[in-house]
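Here is a short briefing to read beside the model. Keep the sequence and the 3D view open as you go.

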Amino acid sequence: MIFSQTTRTETSAKSYTESTFSHLDRSARPEYERIRALITEWCDRVPDDERHEFVQRITSGDDVAFHSAFLELYTHELLLATRHTVTFHPALPDTSKRPDFLATDASGNESIVECTVATEDSDADRAAQSRLNTLCDSINRVKCDDVFLNLRIDGTPNTPVSGRRWRKDIQRWVDSLDYEALLAMGPSPNHAALPRLELEHDGVHVTIKPIPKKRSARGKGQRPIGIQSFQGCMVTSHNEIRETVRDKAGRYGLMSRPYIVVVNCLGPLADEEEIHGAMFGHSGIWRDVDNPSHTRVSAVLALHHLLPWSIAVASARLFKNPNAVLPYAGPLGTLPQTTCNEDVDGTHPREALQVDADWPHQ
């Protein structure tokens with residue numbers, strides 16, 4: 001059993017510190033019931049001797065483990081839907097390491113499939129983000145009947161922030177605001193004239209400005225944080241995606257079958273251009289067709305922001321290595337694909353998975 005067997009009544013949004021699994025498990029929204037049913041159905045098709053480990057990772061409360069397990073579950077289902085027979089953790093010659101899957105298509109052709117997630121976050125980044133999430137949840141406990149809070153966040157805290165102290169400072173500031181004066185500034189106020197509160201702690205600087213609510217929305221108990229923005233940064237998603245794939249490229253030594261790496265690109269700055277750049281861009285793993293590299297990898301199946309609620313819309317593209325020692329030419333070639341010099345249209349994975357385009361909504 002993955003999800004709790006209980007009557008659900010909660011429909012509130014995910015809090016900053018809440019795990020993905022916890023939110024999925026508690027929400028009474030109809031779309032979340034559909035997500036739970038699909039994950040349960042997929043997990044039921046995992047062999048008995050593998051299912052327990054999947055359930056442990058999904059329910060662990062650790063989002064890194066959740067996203068890793070969910071990607072493997074999705075990939076397993078996609079392989080089954082494209083008429084593969086799947087063996088979990090096959091033994092390979094000359095190594096004790098075991099990849100995620102051995103996939104055998106309807107013609108008897110075999111491929112090794114390995115799944116990985118590119119998040120752009122180091123352990124230190126995740127720790128800092130966790131402290132920031134705790135702070136934001138604390139700020140959302142401020143009583144704001146008349147305004148929403150516009151937060152500008154620069155940096156991340158190196159040590160825990162006293163949420164209680166900040167909450168008291170913010171509450172005192174909110175209580176001092178003149179609602180009528182804010183409303184009189186109009187829908188597009190001069191931001192320089194808006195009241196602001198500046199707070200700082202060990203690497204993080206937060207600027208808070210008020211957004212007056214409509215009169216009809218006053219006192220309705222909405223979450224205080226209305227807008228959140230962060231300092232600008234260099235877009236380096238392609239580097240993170242490239243290194244994530246590179247880490248898997250030589251993991252199993254010489255290959256006797258085509259080798260596919262499935263990567264879920266979850267970085268906040270990742271987009272299709274960054275994913276393409278990781279493969280064939282100026283610093284991509286296959287940037288120079290005249291100087292072959294990572295030739296053991298036959299192809300990379302790159303997914304963009306695959307999440308339990310984005311199955312129907314998350315883009316997927318098969319990037320083929322032009323110099324692969326063992327080229328891949330199996331059923332996954334029906335997906336959109338890219339080589340070093342062309343993009344080829346294909347079928348979205350939702351078609352194979354038989355998921356409607358507007359899923360999980362009705």
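**Helices, spaces and backbone**

Helices α5 and α6 are oblique to each other, because an angle counts as roughly parallel under 35 degrees, roughly antiparallel over 145, roughly perpendicular from 65 to 115, and oblique otherwise. The model is predicted, so local features need pLDDT of at least 70 and side-chain atom pairs count only at pLDDT 80 or more, while totals for chains, interfaces and linings use all residues. Residues are numbered from 1 along each chain as its sequence is written, and side-chain values use heavy atoms, with hydrogens and water left out.

**Helix pair α5 and α6**

- Two packed helices are described by the angle between their axes and the distance between the axes.
- Helix α5 covers residues 123–139 and helix α6 covers residues 163–176. Helices (H or I, at least four residues) and strands (E, at least two) are DSSP runs, numbered from the N terminus.
- The α5 and α6 axes are 9 Å apart, at an angle of about 40 degrees. Axes are lines fitted to C-alpha atoms, for helices over the stretch in contact, and angles run from 0 to 180 degrees between N-to-C directions.
- The crossing of α5 past α6 is right-handed. A crossing is right-handed if the near helix is turned clockwise from the far one by less than a right angle, and left-handed if anticlockwise.
- From α5, L135, S138 and I139 touch G163, R164, W166, R167 and I170 of α6. Contact means heavy atoms within 4.5 Å.
- That contact of α5 with α6 has four nonpolar, two polar and two charged residues. Ala, Val, Leu, Ile, Met, Phe, Trp, Tyr, Cys and Pro count as nonpolar, Asp, Glu, Lys and Arg as charged, and the others, Gly among them, as polar.

**Helix pair α2 and α4**

- Helix α2 (residues 30–44) packs on helix α4 (residues 63–81) at about 65 degrees, with the axes 10 Å apart. So α2 is roughly perpendicular to α4.
- α2 crosses α4 in a left-handed way.
- On the α2 side, I39, W42 and C43 make the contact; on the α4 side, F70, L73, Y74 and E77 do.
- The contact of α2 with α4 holds six nonpolar residues, no polar and one charged.

**Helix pair α8 and α9**

- Helix α8 (residues 237–249) and helix α9 (residues 272–280) cross at roughly 50 degrees, and their axes come within 8 Å. That makes α8 oblique to α9.
- The crossing of α8 past α9 is right-handed.
- S237, H238, I241, R242 and V245 of α8 meet E274, I275, G277, A278 and M279 of α9.
- Five nonpolar, three polar and two charged residues make up the contact of α8 with α9.

**Pocket and cavity**

- On a 1 Å grid over the protein atoms alone, a cavity is a set of points where a 1.4 Å probe fits but cannot get out, and a pocket is an open set with protein on both sides within 12 Å along at least five of seven lines; lining residues have an atom within 4 Å of a point.
- The second largest pocket holds about 220 Å³ of space. Grid points are joined across faces, edges and corners, and a volume is the space filled by probe spheres set on the points.
- Its lining has 15 residues, with E272, S315, A316, R317 and P336 nearest the centre.
- The structure holds one cavity of 30 Å³ or more.
- The largest cavity is lined by W286, D288, V289, N291, P292, S293, N321, P322 and N323.

**Backbone exceptions**

- Most residues other than glycine have a negative phi, and most peptide bonds are trans.
- D202 is not a glycine, yet has a positive phi of about 35 degrees.
- W359 and P360 are joined by a cis peptide bond, with omega about 10 degrees.
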